[in-house]
Amino acid sequence: MIFIKKNLSNKKLLELYKAMLKPRMIEEKMLILLRQGKISKWFSGIGQEAIAIGVTAALKEDEYILPMHRNLGVFTSRNIPLYRLFAQWQGKASGFTKGRDRSFHFGTQEYNIIGMISHLGPQLGVADGIALGNLLKKNNKICAVFTGDGGTSEGDFHEALNVASVWKLPVLFCVENNGYGLSTPTSEQYNCKNLADRGIGYGMETHIIDGNNILKLYHKIEALAKSMRKNPRPILLEFKTFRIRGHEEASGTKYVSKELIEDWVKKDPLKNYQKYLLDEKLLSLDDILEIKKNLSNEIDENWKIANEEEAITVNVTNELNDVFKDVDYHKIKSGNSVENIRLVDAVSQGLKQSMERHEDLVIMGQDIAGYGGVFKITEGFLEVFGEERIRNTPICESAIVSAAYGLSVNGIKSIVEMQFSDFVSTGFNPIVNLLAKSYYRWNQPADVVIRMPCGAGVGAGPFHSQTNEAWFTKTPGLKVIYTAFPYDAKGLLATAINDPNPVLFFEHKGLYRTIRQDVPTEYYTLPFGKASLLQTGNNVTIIAFGASVHWALEVLESNLDISADLIDLRCLQPLDTEAIFTSVRKTSKVIIVQEDSLFGGIASDISSLIHENCFEFLDAPVKRVASMETPIPFDSKLEAQYLSKNKLETALKELLSY
Ligand SMILES: Cc1ncc(C[n+]2csc(CCOP(=O)(O)OP(=O)(O)O)c2C)c(N)n1
C-alpha cells in the first residue's frame with residue numbers, strides 16, 4: 001500500500017494513526033466483553049476504520065455526520081467520552097437513549113452526530129434534510145452520510161440521491177462497499193460494475209476511493225469538502241473495502257472464503273499505515289507501545305465508570321413522558337372579523353398565516369409550487385414566500401419525509417403535503433419509525449406536519465379515496481388530527497405547526513369545497529385533545545370525525561325527535577376520552593361512526609375504552625358503524641354501498657330501540 005503524505009504535517013499524520021487505533025482497540029475490548037455477555041450485539045468495523053476516520057477528519061466539528069453501524073470511528077473522532085458510549089451499549093443512563101435503543105442507534109446534537117434507525121436507508125434522506133437546512137441558513141456547511149453496499153439497494157438510497165441532485169444539496173454520500181450485506185455478496189446485491197456508477201444516473205459527481213488507505217482517502221475528501229462548501233452539490237463516494245469479520249459477531253463468516261479474508265487482512269488500513277509511519281521514522285516501536293498504553297488506560301478507566309454505573313431505573317411515568325416533547329400550548333385568540341369560507345380556504349389561510357409567523361417554515365410536496373398543489377391549497381404561495389420555502393418535490397415520499405426530519409434536526413420546521421393521503425404508504429417507514437420514535441429514543445423532536453388530503457365521496461377509487469388514519473393512530477409518538485369544519489381546520493393546523501412533535505393532519509377532500517363556515521380572518525390556535533360537542537341531547541351519544549360528522553348531522557336533521565349528543569372528535573391522538581365518557585355516562589347509549597372499514601379502526605378502540613370505563617352506565621352494547629371490509633371502489637353506486645354513511649340512520653334507530 002502506497003502512502004503519500006503531500007502537505008500533511010507529521011502531527012496530523014500521527015493524529016490520523018491514533019484516531020484509527022482508538023476504535024480498533026475499543027473493538028478488541030468489546031469482542032471480549034461480548035463473549036462475557038457484558039454488552040449485547042456487536043457489528044465489527046475492524047478493517048474499515050480508515051473510512052470513518054478519514055471522513056470525520058475532513059469535516060469540521062460543527063458539520064453533521066450520519067454514521068451507520070460499523071462507524072465507531074466517527075463517534076470516537078468527535079471525542080465523545082468513552083464511558084458514555086460504553087453506557088449506551090449497556091443500556092445505561094449515561095448513554096444517549098436512556099436504555100431505549102441499542103448500539104449506534106442514537107444521535108447527539110452535542111457532537112453533531114445523527115445515528116441510524118435499523119432500516120438503514122432513511123439515513124440518506126435525513127442527510128438531504130440537514131443539507132437543505134444548511135443551504136437555507138447559508139452557513140456553507142456540508143454533511144456526510146454513510147451506507148453499506150446492501151443499503152444501496154433500498155429505494156431510499158435512490159430517492160435520496162435523486163433529491164440531493166435535483167436540489168444541489170451539499171451531501172457527501174459515503175458508500176462503504178465491504179463485499180457483503182449480511183451474508184449476501186455484492187454479486188447478488190447489484191448488477192453494475194461500480195456502485196459509484198449509480199450516481200451518474202442521478203447527474204451526480206462520483207468518485208471511487210481505496211477505503212483502506214487513510215491518506216488517499218483523507219486528501220481526497222478534504223479537497224472535495226472544501227469544494228462542496230464553496231460550490232454546494234452532492235457527491236457520491238464509493239469506498240472499496242472489506243468486512244473481515246461477520247455481519248455481527250454471532251453470525252460468523254462461514255460463507256466467505258478464507259483466501260478472500262486473508263487477502264484483505266493483508267490490506268489492513270491500520271497495520272499498513274503503522275508500517276508506513278515506522279518506515280518514515282515518524283513513529284517508533286516505543287511510541288506505539290506508549291500510545292497503546294495510554295489508549296488502553298483510557299478505555300479501561302471509562303469501561304470501569306460505565307460498568308459500575310447502576311442499571312437504568314425502570315419507571316412507567318418516565319417512559320410515557322418521553323413519547324412526546326412537552327408542548328407549551330399558547331392559546332392565541334382570533335380577532336372579531338370573520339369571513340365565510342370553505343374548508344379548503346381555511347387550510348390554505350392557516351398555512352399562509354403560519355408561513356408568515358414562522359419565518360423559516362418550509363412546505364414540501366408534489367406540484368405545490370407554481371401549480372399550487374392538486375387541491376390548489378398553496379396557490380400563490382410561491383410568489384409570496386419564494387422557491388426556497390415552497391418546494392416542489394420529486395415523487396419520493398420516503399426521502400421527503402426523511403428530509404423533513406433532517407430539517408428538524410437542523411432546527412427548521414416543515415410541512416409535507418401528501419398529494420393524496422393514500423400515497424403516504426410510500427413514505428410510511430420514516431413516519432412510523434423515524435419521526436414517531438425519535439423523541440422517545442434520544443429526545444430529538446421531529447418537528448414535522450404531514451398534511452393528508454383523504455377520504456371518499458369523490459368517486460376516485462381504491463388509491464385516491466382512502467381514509468387511513470388508523471395506520472397512524474396506533475403508533476405511539478404521532479399526533480393525529482382530523483377535522484370536519486373550516487374553523488377547526490384553521491386553528492388546529494396552526495397548533496400542529498407550532499407543536500414540535502410529528503403531526504398527521506387529515507383533511508377530508510370531500511369536505512374541501514362543500515363545507516363553509518364563518519372563520520376568523522386573523523391567525524388563531526385551538527388546543528389539541530379537545531373534542532367538540534356539536535349538539536346536546538339525552539338519549540344517545542354519537543361519536544364521529546371528518547365526513548362522518550356531517551353524515552350524523554344530516555341524520556339528526558331529518559330525525560328531529562332523536563335527542564343526541566353529537567361529538568366531533570377533531571383530534572384522534574390525543575383523544576378526548578373525558579368528553580366521550582361524560583357524554584356516555586349521561587346518555588347510556590353510544591354509536592361510533594367512522595368512514596374507514598371496520599376492523600382495526602379507531603371506533604373499535606373507542607368502543608373498548610367505553611366498555612372499560614363506562615360499562616355500568618351502558619343500556620346497550622356500543623355500536624360501531626363503519627364501511628365495508630373491502631377496498632374502497634370507484635363507481636359511485638359501489639362507493640355509496642361501501643360507505644358507512646348509508647348504514648348510520650338504521651343503526652342509530654336500532655340502537656335507540658334496544
Ligand atoms: C430495511 C432493512 N432490511 C433488512 C435489515 C437487516 N439488515 C441489517 S444490516 C443488513 C446488511 C446491511 O448490509 P450493508 O448495507 O452492506 O452494510 P454492512 O452491514 O455490510 O456494513 C441487513 C440485511 C435491516 N436492518 N433493514
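**Reading sheets, helices and rings**

A: In β18, the residue that forms a bridge with V540 is A564. The model is a predicted one.

Q: How do the strands that contain this bridge run, and how many bridges join β17 to β18?

A: Strands of a sheet pair through backbone hydrogen bonds, in either a parallel or an antiparallel manner. Here β17 (residues 540-544) and β18 (residues 564-568) run parallel and are joined by 5 bridges.

Q: Which helix packs on the sheet and touches β18?

A: Helix α21 (residues 547-557) does so, with contacts to β16, β17, β18 and β20 (590-597). The direction of α21 makes about 160° with that of β18.

Q: What is the strand order of the open sheet with mixed pairing?

A: The order of its 5 strands is β16-β18-β17-β20-β21. At the edges lie β16 (532-535) and β21 (623-627), each of which pairs on one side only. From one strand to the next, the twist averages 25°.

Q: What is the order of the open sheet whose pairing is parallel?

A: That sheet has 5 strands in the order β1-β2-β3-β7-β6. Its edge strands, each pairing on one side only, are β1 (65-66) and β6 (205-210). Within the sheet, β2 (residues 143-148) and β3 (residues 171-177) pair in the parallel sense over 6 bridges, and F146 stands opposite C174 in β3. Helix α5 packs on this sheet, touching β1, β2 and β3, and its direction makes about 170° with that of β2. Helix α6 (residues 155-166) also packs on the sheet; α6 touches β2, β3 and β7 (235-240), at about 150° to the direction of β3.

Q: How many of the 15 residues of α14 are buried?

A: The count is 11 of 15, so α14 is largely enclosed by the rest of the structure. The buried residues include L343, V347, L351 and M355.

Q: How is an aromatic pair read, and how are the rings of F3 and Y273 placed?

A: A pair of aromatic rings is described by the distance between the centres and the angle between the planes. The structure holds 25 such pairs. In the pair of F3 and Y273, the centres are 5.3 Å apart and the planes lie at 55°, so the pair is tilted. It links distant parts of the chain, 270 residues apart: F3 is in the segment before α1 (10-35), and Y273 is in helix α11 (residues 269-279). F3 counts as buried at 10% relative accessibility, and Y273 is buried at 0%.

Q: Which residues form one aromatic cluster?

A: The cluster consists of W42, F75, F86, W89, F96, F104, F106 and W303.

Q: Is D101 buried or exposed?

A: A residue is called buried when its relative accessible area is under 20%. D101 has 18%, and is therefore buried. D101 lies in the loop between α4 (82-89) and α5 (122-137). Its side chain makes a polar contact with the side chain of H105, at 3.3 Å. Leaving aside neighbours within four places in sequence, D101 is in contact with Q88 and R441.

Conventions: Residues numbered from 1 in each chain as written. Predicted model: local features only at pLDDT ≥ 70, side-chain atom pairs only at ≥ 80, totals over all residues. Heavy atoms only, no water. Pairing = 2+ DSSP bridges. Helix = DSSP H or I, 4+ residues; strand = E, 2+ residues; numbered from the N terminus. Axes fitted to C-alpha atoms, helices over the stretch in contact; angles between N-to-C directions. Contact = heavy atoms within 4.5 Å. Buried < 20%, exposed > 50% of the residue type's maximum accessible area, 1.4 Å probe, protein only. Polar contact = N/O pair within 3.5 Å; in protein donor to acceptor, adjacent residues only side chain to side chain. Phe/Tyr/Trp six-rings, centres within 6.5 Å; stacked < 30°, edge-to-face > 60°.
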